[in-house]
Amino acid sequence: MMSQMPQQAAVSKCPSCEEPLESGDRFCGACGYDLSAVPPRPDDHPAVAAGGAVPAPAPAPDGVDWPAARDSDGQGRPVPVHAAAELPGTDSGGSPLPPPAAPPVPPSAGVRFDRPGEPEEYPLQAPDPRLDTAAAPRPDSPAAPAPGAKVCVACRAGRVDDDGYCENCGHAQPRERDHMEQESGPVAAVSDRGLRHHRNEDAFSVGCTALPDGAPASVAIVCDGVSSATRPDDASLAASRAAGESLLTALPRGTHPQQAMHDAILAASHAVNALADEPATAREQGPHQNAPACTLVGAVVTAGLLVVGWVGDSRVYWVPADRATPPARLTEDDSWAAQMVAAGLMSEAEAYADDRAHAITGWLGADAYELEPHTASFKPDRPGVVVVCTDGLWNYAESAEEMADAMPLDAAVRPLHGARVLVGHALDGGGHDNVTVALVPFPAVPQGAGSA
């Protein structure tokens, strides 16, 4: 242990460079300092009072003659402290050292000590042409986008690669699905990522067509990806596209809207199942997750008929345009809460307050139980608006009355504005989930009639 090691005797040091000296040295072996020139250390003298009398040392309180403290004047007061630059010195030849330079001004906190002096004013640099939206990128630049290619939103000069990053500055581009809006004739839909999710796993499809007799028909499909599954965003996109295309193809052929809706749900199911059949490399990022899955809800509106179809817990609401009659919910959730209510085991308030309320019992996906598409048809007796939405919206307007209160009165003539207002209602409420809503005015109006 260190405490048991013998202590060496102190060795005298050169007063110039403090190199250890040997006994009998007359000159320092390191710097050549003349050791004979060192004056003898003067005896300590007590401080003299202003009148010239030397005060007697105060007796120790316990009668013991204690030695004077080190680095003191003998009276218990510390000697003045000097900086090294304040004491005279000589170089190795005995010549006086040059006067010290003026002390540097202490820099402010956070600045490097070795930083050179800087001017009080800084000339402004010329603007970077990449940040000027009017400046065209050099055609010979390796990162210059080809005509028609997507341009980076950050530098406005680089081409965006297939992974969503700029090849010029490396900036990640916003996802196109973070916020989507679309109008098709009188139908409008809005989808938003929300405030808590890292991506938008919802998708929609809207369109207009005509029946064989020339009567107009409007179509809206909304899908919600199952977050616990692999690639939920791909599942919802595939399902919404397949169902929308199926409806817009079948209706002009004369297929009954309710049968067309049933077939569209089956087409969506096949599209989602196909995602699970892709090569294993497509699931490397989530090998332990379930197969791609999503919910689906849709509506077909013709001149006098309203058809809805669904699998999962996305919903359809009916809101009369004049608000003279009560609104209504037209779908029943495929969820744990709905099963508890249907079985009479819990009230609706109790069921939806349970942590298991949103556990779905029906979905589209390769690992789903037996697929049971739900369809229903209605013949409203007055104009209104059909609200097709995911639970990201109805979580903040669950009852039909709450949904009607959140929707603007002019939603039938301004469906895109109405959809934006409903999405804003969900975001104002917290936006915990992706939010998607499509508004379909009833009865259907000829294609080309849009929002005012």
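This is a predicted model: local features need pLDDT of at least 70, side-chain atom pairs count only at pLDDT 80 or more; totals for chains, interfaces and linings use all residues.
1. A quick definition to start: rings of Phe, Tyr and Trp (its six-membered ring) pair when their centres lie within 6.5 Å, with planes under 30 degrees apart called stacked, over 60 edge-to-face and the rest tilted. Searching the whole structure on that basis turns up 3 aromatic pairs.

2. One of them is Trp318 with Phe442, edge-to-face at 5.7 Å centre to centre and 85° between the planes. Trp318 belongs to strand E7 (residues 315–320) and Phe442 to strand E12 (residues 435–442), so this pair ties together parts 124 residues apart in sequence. Helices (H or I, at least four residues) and strands (E, at least two) are DSSP runs numbered from the N terminus.

3. Residues are numbered from 1 along each chain as its sequence is written, and side-chain values use heavy atoms, leaving out hydrogens and water.

4. Do have a look at Trp394, which is buried, as is Tyr352. The charged end of Arg315 sits over the ring of Trp394, 3.4 Å from its centre; the criterion is NZ of Lys or CZ of Arg within 6 Å of the ring centre and within 35 degrees of the ring normal.

5. Helix H2 (residues 257–276) passes a length check: its 20 residues should span 28 Å at 1.5 Å a residue, and the end C-alpha atoms are 30 Å apart, which agrees. The expected span is 1.5 Å times one less than the number of residues.

Technical notes. Buried means under 20% relative accessible area, exposed over 50%, partly exposed in between (1.4 Å probe, protein chains only).
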